Amino acid sequence: DDYTPGFIALKQLLSQSLIGMINALKIVDDVIIVRDGGSWRKKLEKPKTYCTDYKANRKLSEQDDWSQIWKTYEEWCNQCKNIGMTVSHEFDAEGDDWIAYWSDNLSNKGNDVIIWSTDHDLQQLVTLKDDGTFVAWYEKSAGLVLHKRADKRGVLPLDFFLMPEDSGNMIWLKENENWQA
């Protein structure tokens, strides 16, 4: 393979980010990585009322070698799979659909789930079941988002490095300034 230092660094950055998050949480039993496989939604006929500008501003930089970036990411995911992590990727299955599937599947089995993603739309998956099982969403700049009832149920699992901040039906846990990864 003709890897440039940039593509090697990409794999290292992905690995360091994942290891940093696992070490910070200290309660991780399993890691599931999801990858977009395209979108079945794009194959549907668009209704006449559909806004054609939706996500129209998303363009890939032409100066980057995206085929090599995606190849490097795919290789990194395969390496994660080879060491026992679950990697979900199928043709025409979007990453957010996989995340919804795994969140529902795992929480229904009594497992707590933390979704680590920059996609703020995934906050809609945040739940707290009557048995205390939760699905939370995390993004570094936003913090951890748990359902509002989590505070009353005593299931705030991450207050050792996050500080609570109320917002509507959610609890936003911001990174504690004194916490070091």
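Q: Why is Tyr-101 called partly exposed?
A: In this predicted model, Tyr-101 has 41% relative accessibility. Buried means under 20% relative accessible area, exposed means over 50%, and partly exposed is what lies in between (1.4 Å probe, protein chains only). Tyr-101 therefore counts as partly exposed.

Q: What makes Trp-98 buried?
A: Its relative accessible area is 19%, and the limit for buried is under 20%. Trp-98 is therefore buried.

Q: Why are Trp-98 and Tyr-101 called an edge-to-face pair?
A: Rings of Phe, Tyr and Trp (its six-membered ring) pair if their centres lie within 6.5 Å; planes under 30 degrees apart are stacked, over 60 edge-to-face, and the rest tilted. Trp-98 and Tyr-101 are 6.0 Å centre to centre with 85 degrees between the planes, an edge-to-face pair. They are three residues apart in helix H3, about one helical turn. Together with Trp-102 they form one aromatic cluster.

Q: What makes the pair of Trp-66 and Trp-70 tilted?
A: Their ring centres are 5.7 Å apart and their planes stand at 35 degrees, so the pair is tilted. Trp-66 and Trp-70 are four residues apart in helix H2 (residues 66-82), about one helical turn. An α-helix has 3.6 residues a turn, so residues three or four places apart point the same way. Trp-66 is partly exposed at 23% relative accessibility, and Trp-70 is partly exposed at 48%.

Q: How do you know that the length of helix H3 agrees with its residue count?
A: Helices (H or I, at least four residues) and strands (E, at least two) are DSSP runs, numbered from the N terminus. The expected span of a helix is 1.5 Å times one less than its number of residues. For the 14 residues of H3 (residues 95-108) this gives 20 Å, and the end C-alpha atoms are 20 Å apart, which agrees. Just after H3, Gly-110 has a positive phi of about 90 degrees.

Q: How do you know that the span of helix H1 agrees too?
A: The 21 residues of H1 (residues 5-25) should span 30 Å, and the end C-alpha atoms are 30 Å apart, so the two agree. Buried residues in H1 include Phe-7, Leu-18 and Met-21. The buried residues of H1 pack against E1, H2, E3 and E5, where contact means heavy atoms within 4.5 Å.

Q: What makes a group of residues a nonpolar core?
A: A nonpolar core is a set of buried Ala, Val, Leu, Ile, Met, Phe, Trp, Tyr and Cys residues joined through side-chain atoms within 4.5 Å. The largest has 13 residues, and those with the most contacts inside it include Trp-98, Ile-99 and Ile-115. The largest share of this core, three residues, comes from H3. Apart from it lies another core of nine residues, among them Ile-33, Tyr-73, Cys-77 and Cys-80.

Q: How were the residues numbered and the values computed?
A: Residues are numbered from 1 along each chain as its sequence is written, and side-chain values use heavy atoms, leaving out hydrogens and water. Local features need pLDDT of at least 70 and side-chain atom pairs count only at pLDDT 80 or more, while totals for chains, interfaces and linings use all residues.
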